[in-house]
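Okay, thanks for coming, everyone.

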Amino acid sequence: MHSTRPRRRTTVLTASLVLALAAGPLAAPAFAAPPSATARQAAGPDAEALRAALAGLPDSDATAALVRVGGTDGTWRGSSGVHDLESGAAADPDARFRAGSTTKVVTAATVLRLAARGKVDLDAPVQHYLPGLLTKAFEPISVRQLLNHTSGIQAGDGFGDAFEDQYAHRFDTLTPGQVVASAVAKGPEFRPGERQDYLNINYTVLGLLIEKVTGHSYATEATRLVLRPAGMRDTYFPGTDPRIRGPHNHGYQLVQQSDGTTKFVDVTEWNQADRWAAGDMISTTADLERLITSLFRGRIVPEPQLKEMFTVPAGIAGADYSAGLQRFEYGGKVYWLKSGARYGYSTVVLATRDLSRTLVYSVDSTDAKGESMNAVAERIALAALK
């Protein structure tokens, strides 16, 4: 097994988004056929630009895209592409998909709700709640440092780094306990609070903490404290089940073969148990929109705990992650976002603090774990934040 380190890809994705936005609007491409997107226009968002962003699917970058843009100045909904390449049927706009690391928003909100109820002290060391989990090589790590990725715990091991290695194990189970044990065995990467390093391991440990302080499973508590209050009826945690229950569009990875040709490999079914509280949630664009709006309006996490989601640790060069979210500026506005990617699916949930603009998309990316931002996702972001 090899370590799984999402930081470089996540950092590059966000940097790509910022650079793409800074570059200004893209020229509308020429189409061989009319756009296949179906959409509804309201007052604010640029419907023409959004329709153009979704046009031409499926292509080599994505097989489908689902988009919801909202805010105080109007809404827009659109979908494009296919349900699956075999049938060519239109993509289901209400489909479920693997939401990847947007799971961390739910995990952070769960911990913060427990903090509001006095069951978790954000300043207390995780060693207090999970004695024996970390070795003596680790200095005290606060719950807050897990939330904002300044813990210094190294990445846990997975089933390899290459797609081929991971695909071969797609029906196998790697438990969160095994992932944490492999990370702990490596010792700390740096002293707590010294740097910020975005890693799944922080939220895997938070999942264990949630279970320890509540006596219930992570899925039970996250559903009770976050999903239900937010009205997320179509969101769930699959555990070791490799399937996506209910309506869903297929996800594909574009793989280069030994003869130089490429083929689409269906990656829809995949056991994501090792991602757990860091990234195994299955959701819909409507549910993720409900999540971000409910959170930002203070309906899930009360003040003062909610401010943790909008507080980047001070005194750390380059730090831009808060509890569950990531901060970036564009056009004089501050946006808070969380991206997520599993093979076949790339997701973003984004909003201004005042909810004047929100964006949720799921792109069935053919290289969702690649180092650069998906071209379709980039077009969507440019159009949505104009």
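**Salt bridges, pair by pair**

Let's start with Asp 287, which makes a salt bridge to Arg 290, with the closest N and O atoms 2.6 Å apart. One thing to keep in mind as we go: this is a predicted model. Both residues sit in helix H11, which runs over residues 285–296, and they are three residues apart, so about one helical turn separates them. Now, which of the two is buried? Asp 287 is, at 0% relative accessibility. Arg 290, on the other hand, is partly exposed at 27%.

Next up is Arg 243, paired with Asp 241, and here the closest N and O atoms are 3.0 Å apart. Asp 241 counts as buried, with a relative accessible area of 16%, and that is because the cut-off for buried is under 20%. Arg 243 comes out partly exposed at 48%.

Then there's Lys 386 with Asp 46, where the closest N and O atoms are also 3.0 Å apart. What does this one tie together? Lys 386 is in the segment after helix H12 (375–384), while Asp 46 is in the loop between strand S2 (38–41) and helix H2 (47–54), so the bridge links parts that are 340 residues apart in sequence. As for the surface, Lys 386 is exposed at 53%, and Asp 46 is partly exposed at 28%.

Stepping back, how many salt bridges does the structure hold? The count is 15. They include a network that links Arg 68, Arg 77 and Glu 289. That's it from me.

Technical notes
Residues numbered from 1 in each chain as written. Predicted model: local features only at pLDDT ≥ 70, side-chain atom pairs only at ≥ 80, totals over all residues. Heavy atoms only, no water. Salt bridge = Lys/Arg side-chain N within 4 Å of Asp/Glu carboxyl O. Helix = DSSP H or I, 4+ residues; strand = E, 2+ residues; numbered from the N terminus. Buried < 20%, exposed > 50% of the residue type's maximum accessible area, 1.4 Å probe, protein only.
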